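Dear colleague,

Please find below the structure that I am handing over to you. My findings follow it, and I would ask you to read them with the structure open.

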Amino acid sequence: MSTTEHEPQLALADTTPGPVVDAPGVPAARPLRAWQNAALERYFDPGREEPADYLVTATPGAGKTTFALALARRLLDTRRVDRVVVVAPTDHLRTQWAEAAHRAGIELDPTMTNAVGPVRPDMKGYVTTYAQVAGHPMLHRARATAKKSLVVMDEIHHAGDGLSWGEAVFEAFGDARRRLSLTGTPFRTKADERIPFVSYVEDDSVESEGGLKSVADYTYGYKDALADGVVRPVVFAAYTGVSRWRNSAGEVVAASLSDATTKSVESLAWKTALDPRGDWVPHVIAAMDERLNHLREHGMHDAAGLVLASDQDDARAYAKIVQRVTGEKPALILSDDPKASQKISEFAGSDQRFVVCVRMISEGVDVPRAACLAWMTSYRTPLFFAQAVGRVVRSRAPGESATVFLPAVRPLLALAAEMETDRNHVIPPPAPVSSDEVDEGGLDLLPAPEREPGEKQEYEALEAQAEFAHVLHGGKAVTGGQLPAVSVEEQDFLGLPGLLSPEQTAALLSQRDAEIRKRTARPVEPADQDATGEAEPEQEDAAWHTAALLRKEIHSLVGRVAAGRALPHASVYSKLRAAVPGPPSASASVDVLRRRRDHLLAMV
């Protein structure tokens, strides 16, 4: 390939991404966020030589893509570079990057394969993946050196997913004019596995075991983003419960998630809780369903929940549980599905309430309406935790919050406590209240591999029960068990950290937890036994299923009434509760739900 490849210069506006246009095809200027401007100023600091390598660590949801394209825009306009190459972790993110670049006036080709040679002359560059770079590093080297290039490496830690990937990235882009590396959180590596183009210091943390920690040229953490209103505050709701399993000796072992005596027992209790045949998963999904109902009734009418599974088999099983518990079929997104990217885009723009996935929506994927996350996976690394929680913290409007439902196990609670402590530095929760103050608040604000036949089985999951444990506050568990039940009126105030005290929030979740257990429990009645005394297979709980379908119908009718009368969804829900009194829809009886449905039908 020639090293003197030429292409015409496009007329490009000196702007940053924005949806408004002043003229056809020319994006209108939109102010950058303060941190993005500060990161640009540091990059172009006249007191130092402009860097060949620049690493930005910015919390998920903060706008790393916008920053990178703003930098690319300036480098292109000043002729410091003539080409932009973006390396992304997944194929879906290739399209997402190309669409964002188009809005910035930079045309990048997300469809180039390793079978194609030169970059098309009408393109300013292209978007590829780490896997493609590893497949043919010399091809990408030729593309990146044919013109003065800026190489943007999104989630640079992926270059450490295998030594070959890191070597390929270095071989492909070591001679590029400039390189910008992006990540959502500082990452660690072993001393002998340095990722190219990243600076390191020795990591003295306990978990590092003598490894290295990345050092960014500019850092914008969760605490900073929360203070700026860029991300939502997070409420972490931990769920414990007793798990029972049979070990290799045939003994039945029982242990609580939150009280396991050893790491191995904790690991097996955790694994058993996540087994889709137990009761832990349905219980937590029901709790998240109630939270979504609450959000949708109080201003966030398109709120969605993500269920994060460990593998594809669990994901398929969890999807069936979501449908059984909520009455709605969730989106199911698996990495080997050729339509995975299309399904992600469709879910992001739809009104669908649940999506079940393995890792497809854990990093970089933008679903701003996602507000709840159910952590039903054994992943426990700080990097993955931050990336996954980052899917539900992207802020769209003041007053929104995120809720993460997770097992009450030490590895996850430690990671959650770190983020939660950052939150409380910015939004200190109110002082704890005494038990006689709870009902006087007067608040009025929005709220495993297959075995050969005969092979010895080392572990067998038997059952797992779920129980609300606590919310996190200041790195400590708050149960709220000493407080009286929260009133129906106060239930509308759960959502924004700072509106309820930690004790009130915990008391409310605990109260709802008891209601969920009553509704989801399906004891075997004597009539369900056959002549031998054996229990017949459990049948679907008709009342529960009917209630779920009615809630779905009510939500649809509220949308129609709101649209027809130009009213906010929250206003319609308020009028509905006044016309047909009773508890929120998530807790209402089938009779109340039917009367509310009929009332809405009369309004349509």
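In this predicted model, the largest nonpolar core has 121 residues, and the members that touch the most others are Phe67, Leu180, Trp280, Trp375 and Met376. Helix α9 (residues 280-297) gives this core its largest share, nine residues. Apart from this core lies another one of 26 residues, including Met112, Val119, Met153 and Val198. If residues up to four places away in sequence are left out, the contacts of Leu180 include Tyr54, Phe67, Leu150 and Met153.

The structure also holds 24 salt bridges. In one of them, the closest N and O atoms of Asp91 and Arg94 are 3.5 Å apart. These two residues are three places apart in helix α3 (residues 91-103), so about one helical turn separates them. Arg94 counts as buried because its relative accessibility is 6%.

Arg120 forms a salt bridge with Asp109 (3.8 Å, N to O). Since Asp109 belongs to strand β5 and Arg120 to the loop between β5 (108-109) and β6 (125-129), the pair ties together parts that are eleven residues apart in sequence. Asp109 is buried, at 5% relative accessible area, whereas Arg120 is partly exposed, at 40%. Arg120 also forms a salt bridge with Asp122, where the closest N and O atoms are 2.9 Å apart. Elsewhere, a network of salt bridges links Arg232, Asp302, Arg396 and Glu400.

Finally, three strands form an open sheet in the order β15-β14-β21, with antiparallel pairing. Its edge strands, β15 (252-256) and β21 (459-464), each pair on one side only. Five bridges join β14 (residues 242-247) and β15, and Ser243 stands opposite Ala255 in β15.

Yours sincerely

Conventions
Residues numbered from 1 in each chain as written. Predicted model: local features only at pLDDT ≥ 70, side-chain atom pairs only at ≥ 80, totals over all residues. Heavy atoms only, no water. Pairing = 2+ DSSP bridges. Helix = DSSP H or I, 4+ residues; strand = E, 2+ residues; numbered from the N terminus. Core = buried A, V, L, I, M, F, W, Y, C linked by side-chain atoms within 4.5 Å. Buried < 20%, exposed > 50% of the residue type's maximum accessible area, 1.4 Å probe, protein only. Contact = heavy atoms within 4.5 Å. Salt bridge = Lys/Arg side-chain N within 4 Å of Asp/Glu carboxyl O.
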